[in-house]
Amino acid sequence: MKEKILIVEDEKDIVKMLEYNLKKEGFRTVATGNGEDALDLVKRKQPDLIILDLMLPGMDGLEVCKGVRKENTAVYIPIIMLTAKSQEPDKIVGLELGADDYMTKPFSPRELIARIKAILRRVNKKEKLPEILKIGELSVDFSKIRVTVNNKLVELTAKEFELLKALIKAKGRVLSRDYLLDAIWGVDNAMEIQTRTVDVHIQTLRKKLKGGAEHIVTVKNYGYRFE
Ligand code: CA
């Protein structure tokens, strides 16, 4: 799946330029010019990285940054801040608040993309899966796509396996139903009825995993976590 970048910027020309360049590099994008919306999108869409402008109408970039770092499901999402030259002090505050990098406007899209890729490479390296995960009676072999519980083979559908893999890969982080639907079924902008698809698959997955199902925890009205 292509990584999803959230652009938080109220200047439409910059948004367009970013969308164009990111899409050209194969990224998917979501954009908003509003801080409150940004926090909502972070929660529902769980982007892989956030490009955050400091100067926003209403809730500013620093507050958004603080909000993201407070959000349980989002503390880990890398943030690259966009700042104007005159905002040097804010930039330092931003880094203290947990932004990963910053770029001063005007910036070259090529430079920004290089930094995005560097950050994502770092994150992906950290999230690399073991070849086989063994936890309690559950054993998942990622290379053979094989799951056993108490040494008995469990027949999972491709979607069920992907679901289990996504949850394991998140290492204890909660994944929203929106995120899972997008990651596994490729449904962006899901409607409520579609997010139930995730619940139904989790249900059958749990049934099949029997004792191994205790590792899949429901976070009410939001999503799931692997423990
Ligand atoms: Ca701005």
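Which strand does Ile 50 lie in? Ile 50 lies in strand β3. The notes below start there. Bear in mind throughout that this is a predicted model.

1. **Ile 50 and its surroundings.** Ile 50 is buried, because its relative accessible area is 2% and the cut-off for buried is under 20%. Setting aside neighbours within four places in sequence, Ile 50 is in contact with Leu 6, Val 8, Val 42, Val 68, Ile 77, Pro 78, Ile 79 and Ile 80. Met 81 is 31 residues from Ile 50 along the chain. The C-alpha atoms of Ile 50 and Met 81 are separated by 8.2 Å.

2. **The calcium ion.** Which residues supply the protein donors of the calcium ion? They are Glu 9 and Asp 10, through OE and OD, and Asp 53 and Met 55, through OD and O. These donors lie 2.1 to 2.9 Å from the ion. Along the chain, their spacing reads E-D-x42-D-x1-M. Glu 9 and Met 55 link distant parts of the chain, being 46 residues apart. Glu 9 sits in the loop between β1 (4–8) and α1 (12–24). Met 55 sits in the loop between β3 (49–53) and α3 (61–70).

3. Are Glu 9 and Met 55 buried or exposed? Glu 9 has 2% relative accessibility, so it counts as buried. Met 55 has 54% relative accessibility, so it counts as exposed. The cut-off for exposed is over 50%.

4. **α2 against α3.** The axes of α2 (residues 35–45) and α3 come within 10 Å. They cross at roughly 20°, which means α2 is roughly parallel to α3. The crossing of α2 past α3 is right-handed. On the α2 side, the contact is made by Gly 35, Ala 38, Leu 39 and Val 42. On the α3 side, Val 64, Gly 67 and Val 68 take part. By class, this contact of α2 with α3 has 5 nonpolar residues, 2 polar and no charged. Val 42 and Val 68 are also among the contacts of Ile 50.

5. **How α3 is enclosed.** How many of the 10 residues of α3 are buried? The number is 7, so α3 is largely enclosed by the rest of the structure. The buried residues are Gly 61, Leu 62, Val 64, Cys 65, Gly 67, Val 68 and Arg 69. What covers them includes α2 and β3, along with β4 (79–83) and α4 (88–96).

6. **α1 against α5.** The axes of α1 and α5 come within 11 Å and cross at roughly 55°. α1 is therefore oblique to α5. α1 passes α5 in a right-handed crossing. Met 17, Leu 18, Asn 21 and Leu 22 of α1 make the contact with Pro 109, Leu 112, Ile 113 and Ile 116 of α5. The residues in this contact of α1 with α5 divide into 7 nonpolar, 1 polar and no charged.

7. **α7 against α8.** The axes of α7 (residues 177–185) and α8 (residues 192–209) come within 9 Å. Their crossing angle is roughly 80°, so α7 is roughly perpendicular to α8. From α7, the contact involves Arg 177, Asp 178, Leu 180, Leu 181 and Trp 185. From α8, it involves Glu 192, Gln 194, Thr 195, Thr 197, Val 198, Asp 199 and His 201. The contact of α7 with α8 has 4 nonpolar, 4 polar and 4 charged residues.

8. **A cis peptide bond.** Which residues does the cis peptide bond join? It joins Lys 105 and Pro 106, with omega about -5°. Pro 106 lies in the loop between β5 (101–104) and α5 (109–126).

9. **Asn 151.** Phi of Asn 151 is near 65°, a positive value in a residue other than glycine. Asn 151 is in the loop between β8 (146–149) and β9 (152–154). At 76% relative accessibility, Asn 151 counts as exposed.

10. **Asn 221.** Asn 221 is not a glycine, yet its phi is positive, at about 60°. Where is Asn 221 found? It is in the loop between β11 (216–219) and β12 (223–226). Asn 221 counts as exposed, because its relative accessibility is 72%.

How values were computed. Residues are numbered from 1 along each chain as its sequence is written. This is a predicted model: local features need pLDDT of at least 70, side-chain atom pairs count only at pLDDT 80 or more; totals for chains, interfaces and linings use all residues. Side-chain values use heavy atoms; hydrogens and water are left out. Donors are N, O and S atoms within 2.8 Å of the metal (3.2 Å for Na, K and Ca); water is not among the atoms, so sites may look incomplete. Helices (H or I, at least four residues) and strands (E, at least two) are DSSP runs, numbered from the N terminus. Buried means under 20% relative accessible area, exposed over 50%, partly exposed in between (1.4 Å probe, protein chains only). Axes are lines fitted to C-alpha atoms, for helices over the stretch in contact, and angles run from 0 to 180 degrees between N-to-C directions. Angles under 35 degrees count as roughly parallel, over 145 as roughly antiparallel, 65 to 115 as roughly perpendicular and the rest as oblique. A crossing is left-handed if the near helix is turned anticlockwise from the far one by less than a right angle, and right-handed if clockwise. Contact means heavy atoms within 4.5 Å. Ala, Val, Leu, Ile, Met, Phe, Trp, Tyr, Cys and Pro count as nonpolar, Asp, Glu, Lys and Arg as charged, and the others, Gly among them, as polar.
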